[in-house]
Amino acid sequence: MAPSRVSRRFSSATTGIAEDGSPNFAFAFDIDGVLLRSSSPIPGASAALTHLHNNNIPFILLTNGGGKHESARVAELSKKLNIPLTEENFVQSHTPFRQLVEGSEETQSLEDKTILVTGGDGDKCRKVAEMYGFKNVVTPGDILMAHPNIWPFNQIFSDYYHNNTRPLPRPIDPANPSKSLKIDAIFVFNDPRDWALDTQIILDLLLSKEGILGTYSEKNGDPSLPNNGWQQDGQPKLFFSNPDLFWATSYHMPRLGQGGFQASLEGVWSATTDGAALRRTTIGKPHTHTYEYAEKLLIRYRAKLLGEPAKKVGKLDRVFMVGDNPESDIRGANEFKSPLGTEWTSVLVKTGVFREGSNPTYKPKVIVNDVLDAVKWALKQQGWNGQIQ
Ligand SMILES: [Mg+2]
C-alpha cells in the first residue's frame with residue numbers, strides 16, 4: 001500500500017498541523033499487550049496502524065521485548081498486522097546496545113572486546129549481537145559446554161546447549177590468568193531460559209579479577225574501598241535491556257519477565273556481598289536512555305516520511321505513547337523530559353498487563369479500551385477526524 005499524501009480531514013481546531021500541513025504529532029506503540037497478545041494481533045491493532053500509515057502520520061514501535069534481530073521481528077510483525085513496517089521505526093529492548101559497538105561517553109568501544117550475551121532462545125541473541133557489530137560474543141552455554149563442572153546440574157540443559165554453542169576463544173585457566181577467558185562486558189539481551197546457569201556465571205564475573213573467569217578479586221569485601229571493594233577490580237560492566245518485572249502472556253495472569261531475573265540476581269548479589277549495591281546499567285522502558293533513543297529515531301523517520309528534498313519538516317510537538325504497562329510505558333512517557341521539547345502523552349490500554357479496576361501507580365493521561373480507541377482519542381485531541389473504518 002503506497003503512502004498517501006497527508007490527510008486534510010481535520011476539524012477547524014487545527015492544533016495537530018504544522019505550518020507546512022504535516023502532522024506535528026506522532027505515536028509510539030508498545031507491542032505486547034497493545035498490538036499483540038501472545039503473538040496474535042489484538043482486534044483493531046491492524047486498522048489503527050493502517051489508518052496512520054495511509055495518512056502519513058508517523059509512528060514508532062517501542063517494545064521491551066527482544067530476542068531476535070530487528071529485521072526478523074519487523075518482517076514477522078508486518079505479516080501479522082498486515083502493515084508494512086521497517087527497522088527505521090522500530091526499537092526493541094536491546095536495540096540501543098548497538099551504540100556500544102562504537103562506544104559512548106561512558107563506555108569504550110566494545111567492537112573488538114569479548115562480551116557475554118545472555119538470554120533468549122538458543123544462541124539467537126549472540127547472532128543479534130554479531131549483526132550489531134560485536135565481534136567476539138560468548139554465551140553461558142559456550143562456557144558450560146567447555147567446562148561442564150562450572151555448574152553441577154549441567155545435564156538438565158545439555159541437549160539444549162548442544163546445538164547452540166561454540167568453542168571458547170580461550171579456556172578458563174586460573175593457573176594462567178593472562179591466558180584465561182576474559183569477559184569485558186555482560187549483556188542481558190532477553191529473558192533468561194536457564195536462570196541458574198546465567199546467575200552463576202554473571203556472579204562469577206562480578207566477583208572476578210578484571211573479568212577473568214575462574215579468578216576471585218582480592219578487593220572483594222575490603223571495607224577501606226568504595227562499595228566495600230565489590231565491583232572495584234575491573235570487573236565487566238553489567239547491562240540489562242528490559243526492567244519489566246511482569247509481562248502479559250497467554251496465561252491469565254502476568255508472568256515474570258527480565259526484571260524478575262534482575263531482581264533475583266540483585267538478591268543473590270546482596271546475599272553474597274552482605275548487602276553491597278549491584279552496579280549495573282538498565283535500559284528499556286521506563287528508562288530515559290531508551291526514550292531518548294526512540295525520539296531520535298522517530299524524528300529521523302518522520303523527516304523521511306514527511307519530508308521532500310529541500311523541504312524542512314516542522315517541529316514534532318507531541319508523541320502519544322500507547323502502552324499496557326503503567327510501570328514501564330506510562331511511567332517512562334510521564335517522566336521523560338525531551339531534549340527537543342516534545343511532549344510525551346501517555347495512553348493506557350486495557351488489553352495487557354493493566355487490569356480494569358486496579359489503581360495504577362503511574363497515572364496515564366487517559367485510559368482507553370484498546371489501541372484503536374487510543375488512536376481515535378489521540379486524533380481527536382489533535383483536531384483530526386477520529387473516524388477509523
Ligand atoms: Mg506491553
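How many bridges join S14 to S15, and do they run parallel or antiparallel? There are 3 bridges between S14 and S15, and the two run parallel.

**Basis of the model**

This is a predicted model, in which local features need pLDDT of at least 70 and side-chain atom pairs count only at pLDDT 80 or more, while totals for chains, interfaces and linings use all residues. Residues are numbered from 1 along each chain as its sequence is written.

Helices (H or I, at least four residues) and strands (E, at least two) are DSSP runs, numbered from the N terminus. Two strands pair if DSSP finds at least two bridges between them.

**The sheet containing S14 and S15**

An open sheet of 6 strands has the order S5-S4-S1-S13-S14-S15, with parallel pairing. Its edge strands, each pairing on one side only, are S5 (90-91) and S15 (366-368). Valine 349 has valine 368 in S15 as its bridge partner.

**Helix H10**

Helix H10 (residues 326-335) is mostly covered, with 8 of its 10 residues buried (20 or more other C-beta atoms within 10 Å of the residue's own, C-beta atoms being placed from the backbone). Among the buried residues are Pro326, Asp329, Ile330 and Arg331. Their cover includes helix H9 (288-306), strand S13 (318-323) and strand S14 (343-349), judged by contact (C-beta atoms, placed from the backbone, within 7 Å).

**The five-stranded sheet**

A further open sheet comprises 5 strands in the order S7-S6-S8-S9-S12, and the pairing is parallel. Strands S7 (136-138) and S12 (281-282) form its edges. Strand S8 (residues 185-188) is joined to strand S9 (residues 237-240) by 4 bridges; isoleucine 186 has leucine 238 in S9 as its bridge partner.

How values were computed. A residue is buried if 20 or more other C-beta atoms lie within 10 Å of its own, exposed if 12 or fewer, and partly exposed in between; C-beta atoms are placed from the backbone. Two residues are in contact if their C-beta atoms, placed from the backbone, lie within 7 Å.
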